Amino acid sequence: MAFGIQVKLKNGQDLVTLITPMFYLDYITSGSGSKSYQVPYNKLLKVMTTVEFNNGTPTASKASVSGNTVNYSDATGQRPVIVYAE
Amino acid sequence: MTLPDSALLLFTRSNNVFGGKIIAPDGTVWLAPDVTPMNLVTRVDINFNTLTAAGNWVSTGVPATLPIMYFSRCLNADVGVGVVAENVNGQWRLSVRAARNNNGTNQNVTFRFYIFSNFVPDNQTTHGIKFFDATGRLTWTCDMIPLQMFKTSIDSSTPRVDVGFLVATMPQFVKHSTEFYSPGTPPVYIFFDWAFKAFGSVIEMSPVQDYTASSDVGTSFEFRDCFYINASIYDIG
């Protein structure tokens, strides 16, 4: 190490070189619409949709990314859309 | 400027707010107060039998007002589990709805759950680096392991992927299918409900419960976005 800092796991591995954290931006739990985000430099805006399951019927939230904007629909507390950058 | 071969802590002043960024060796921001991570909040092992899996649950300690992301892998068998997150008394609980091995027989299994949220559960850290967001809320300390998440597409035509490292995946229900139908009075249907499972380095879309009914149940559906983590990193922490 020339200079700087280190963040290490308990076994001594350098966590900074081991992983690239996702940056959490939003947790959408209702409705449909679009939202824009300030995306950190050199990162991409991404979405994670999830599935609610009741009586044999899975229902997923829906989301897509266009530039710095997320368009989403069918989000609820049981099937949220998670917005992140990495 | 020469970049270091390890991380750099950079202090800056912007909009009258002081902060520090950890810069990765490639020059990108690794963490900063204005880009909060999801942290490994807890890791829980739970043991049960597959045929009596429903009703087991994992307490997360994550307030239901905060986001939660969870991943699991089976430690001792190639078995899948279907889980839903529920708000119980203001905290997220992971409720096991079903588990199944490849034969549909009873088997004792142990699952490890990795639970992430965007907060620091126990502010026990007395030294090192801490990050606070603009509201003053503690979002990361140097003893928290941030989430790095991967995504792949898994479907019925490619139900099994070897990712090459110890893997845990989000065990949500992702598919409902009718596997058998016999017309008659009454008719006979056999349904499968599916989830993504992780065992070793393999992720698979796998049935976690099967059941027979005399009428059509549910809606055929398949969700292909599979999110997963490198579990070996979070086993160390």
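Predicted model: local features only at pLDDT ≥ 70, side-chain atom pairs only at ≥ 80, totals over all residues.
## Overall features of chain B

Chain B comprises 1 helix and 19 strands. Along the principal axes, its C-alpha atoms occupy a box of roughly 75 × 40 × 30 Å. Of the 237 residues in chain B, 51% are buried.

The accessible surface of chain B amounts to about 10,400 Å², and carbon and sulfur atoms contribute 49% of that area. Among the contacts in chain B with a separation of 6 or more, 67% link residues 24 or more positions apart.

## Nonpolar cores

The largest nonpolar core contains 76 residues. Within this core, the residues that touch the most other members are W30(B), M69(B), F71(B), F116(B), L147(B) and Y234(B). Strand β9 of chain B, residues 108-117, is the greatest contributor, supplying 6 residues.

Another core, of 16 residues, lies apart from the largest one, and its members include A60(A), W194(B), I203(B) and C226(B).

S95(B) is located in strand β8 of chain B, which covers residues 91-100. Its relative accessible area is 8%; since the limit for a buried residue is under 20%, S95(B) is therefore classed as buried. The side chains of S95(B) and E86(B) are joined by a polar contact of 2.5 Å. Neighbours within four places in sequence aside, S95(B) is in contact with N56(B), W57(B), G82(B), V83(B), V84(B) and E86(B).

T60(B) belongs to strand β5 of chain B, residues 57-63, and is buried with a relative accessible area of 4%. Not counting residues up to four places away in sequence, T60(B) touches V41(B), T42(B), I68(B), W92(B), R93(B), L94(B) and I115(B).

## Sheet β1-β8-β3 of chain A

In chain A, 3 strands form an open sheet with antiparallel pairing, in the order β1-β8-β3. Strands β1 (23-28) and β3 (45-49) of chain A each have a single partner strand and stand at the edges, so each has one side without a neighbour in the sheet. From one strand to the next, the twist averages 25°.

The antiparallel pairing of β1(A) with β8(A), residues 81-85, extends over 5 bridges. Y24(A) is placed opposite Y84(A) of β8(A).

## Sheet β2-β7-β6 of chain A

A further open sheet of 3 strands in chain A has the order β2-β7-β6, and its pairing is antiparallel. Its edges are formed by β2 (31-36) and β6 (62-66) of chain A; each has a single partner strand, so one side of each lacks a neighbour in the sheet. Neighbouring strands are turned against each other by 10° on average, with direction ignored.

Strand β2(A) pairs with β7(A), residues 69-75, in the antiparallel sense over 5 bridges. Within β7(A), N71(A) is the bridge partner of S34(A).

Definitions and conventions:
Residues numbered from 1 in each chain as written. Chains lettered and ligands numbered in written order. Heavy atoms only, no water. Pairing = 2+ DSSP bridges. Helix = DSSP H or I, 4+ residues; strand = E, 2+ residues; numbered from the N terminus. Axes fitted to C-alpha atoms, helices over the stretch in contact; angles between N-to-C directions. Core = buried A, V, L, I, M, F, W, Y, C linked by side-chain atoms within 4.5 Å. Buried < 20%, exposed > 50% of the residue type's maximum accessible area, 1.4 Å probe, protein only. Polar contact = N/O pair within 3.5 Å; in protein donor to acceptor, adjacent residues only side chain to side chain. Contact = heavy atoms within 4.5 Å. Areas by Shrake-Rupley, 256 points an atom, 1.4 Å probe, with all protein chains shown as cover.
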